[in-house]
Amino acid sequence: MDIKVEAAEESKIKATVTVDAKDVDAAVKKTYKEFAQKYNFPGFRKGKAPRPVIDNALGAEAVMATVTEDVINKAYPQVIEEQKLFPVGNPEFGDDGMVEAGKPFTFTFTLSVKPEFELTSYEPVAIELPVEGATEAEIAEQIDAMREHYVDYVDASAATKMKPENFADLAIKATDEEGNAIEALESESRLYEPGTGMFSEAFDAEILGMKKGQTKEFTLDVPADEAAVLLSGQAGKKVSFEVTMNVVKKKETPELTDEWAKEKMGFEGVDDLRARVAESLEAQKADIMPRLKENACTSVLLERFEGEIPEAMAEEAETNLLQDFFTQLQRQGVSFDAYLAQQGISSEQFKADVKLQAADEAKQQLALDAWARAKGIEATEEDVRDEFVKAGLDNPAKVEKEWRESGRLYLIREGIVRAKAMTDVMDTAQVTEVDYAAQAAEEKKAAKKPAKKKAKKDEAAEAAESTEASAE
């Protein structure tokens, strides 16, 4: 078989393939034999009908059309394998007529192939990752989260004014524009924290500054796009409120003591609690760190990627994502409409998200291909064999042969090269370890400093108010 491949426009190649006459004759013989076995011809035993009889019954052109199709289907995968091509999409075959017995057959096809892009740099990537192991700040953060589950809400003094950091025990009456009670909003005692999105910012502004026992009436114009959970049902309407501050409450987090660790958490003490938390954090990090590193490296590669991916490759990536997605939905027994409802998105938003994800997926693959070319990374025949062995097949050599003959080994090679490239990127990455929990604690501490000064002023004002109230 003679193969000539030349470049065409937009990452396409044009291949001209000539199949030897002997191979054509072998295909002709095989096809006639199959037809003789497949069909019943009067006067002849199955498989014994001569060619003229078959031609007369089925038509010589029909037989040769079948032979032509078989010759092309057999030759095309060999071209892909021998030329080490990486197809994107399906080939477009030329109108090259049909085979003739005793003559070589030439056919042509054009094919979109994987394009080659470049990165702006092939220097080791610089990334940030969490510190390995459990840091003191992370341990403290986890324990603080545990303590938050056991907070108490204690009554503040009667003179305390409601502030954003406080909680309010409210008695609420609410009516619509016709004066009808809105039962969903009413309560004799609702513990409420401003800024949580349950009521709106306008509602929060009305109750700030209120004291224990104080009652306030106000009306709110609820916007049509109101997102507050409790007010969403009143969007575009007016709601009148009568709110009584039963009491202002402050949140008290339990102290970290041996007694608390024993009674509430079931540990021997604080030291035991810290040790167990550290063990859990270390196990979690060991599990997710490789994935975090890979994601961080991939992000840098995407930033270095130059060029626009071909439409055919984007469509192929999108198709693969959708197939995987709907297969997963089917396994979970969830309908597509139910999924959209759970996510709170429309089908148009879903399609747009898939397109963006597919584009990033294709860029990531092409970026790894570029890295592999720059670093001389390849897939050896031994690598390919190992992939079939690792798959746990009964006869890996047989399956590998089938893949080779069907022209699909490029998929295995592609996966091997990209995996090697990703490993190389990760192994050579310049990693800066960051204690994100410590950073968050510092930022929180810095944000609280001005608040502390203000708190002292507020406490002084409250004390003065309390004194005035006693004098009265």
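**Exercise 1.** In this predicted model, determine which residues lie nearest the centre of the second largest pocket, and which element gives the largest share of its lining.

*Solution.* Begin with the lining of the second largest pocket, which is made up of 27 residues, with Glu316, Asn320, Leu411, Glu414 and Arg418 lying nearest the centre. Next, assign the lining to elements: two or more residues come from each of α3 (60–82), α8 (311–332), α10 (347–375) and α13 (409–428). Of these, α8 supplies the largest share, 7 residues. Sorted by class, the lining holds 12 nonpolar, 8 polar and 7 charged residues, and the pocket has a volume of about 670 Å³.

**Exercise 2.** Decide whether Glu433 is buried, partly exposed or exposed, and state which residues it is in contact with beyond its neighbours within four places in sequence.

*Solution.* Glu433 belongs to strand β11, residues 430–434. Its relative accessible area is 45%, which lies between the 20% and 50% cut-offs, so Glu433 is partly exposed. Leaving aside neighbours within four places in sequence, Glu433 is in contact with Leu129, Pro130, Val131 and Glu132. For Val131, the C-alpha to C-alpha distance to Glu433 is 4.9 Å, although the two are 302 residues apart in sequence.

Methods:
Residues numbered from 1 in each chain as written. Predicted model: local features only at pLDDT ≥ 70, side-chain atom pairs only at ≥ 80, totals over all residues. Heavy atoms only, no water. 1 Å grid on protein atoms, 1.4 Å probe; cavity = no way out; pocket = protein on both sides within 12 Å on 5 of 7 lines; lining within 4 Å. Points joined across faces, edges and corners; volume = space filled by probe spheres on them. Helix = DSSP H or I, 4+ residues; strand = E, 2+ residues; numbered from the N terminus. Nonpolar A, V, L, I, M, F, W, Y, C, P; charged D, E, K, R; others polar. Buried < 20%, exposed > 50% of the residue type's maximum accessible area, 1.4 Å probe, protein only. Contact = heavy atoms within 4.5 Å.
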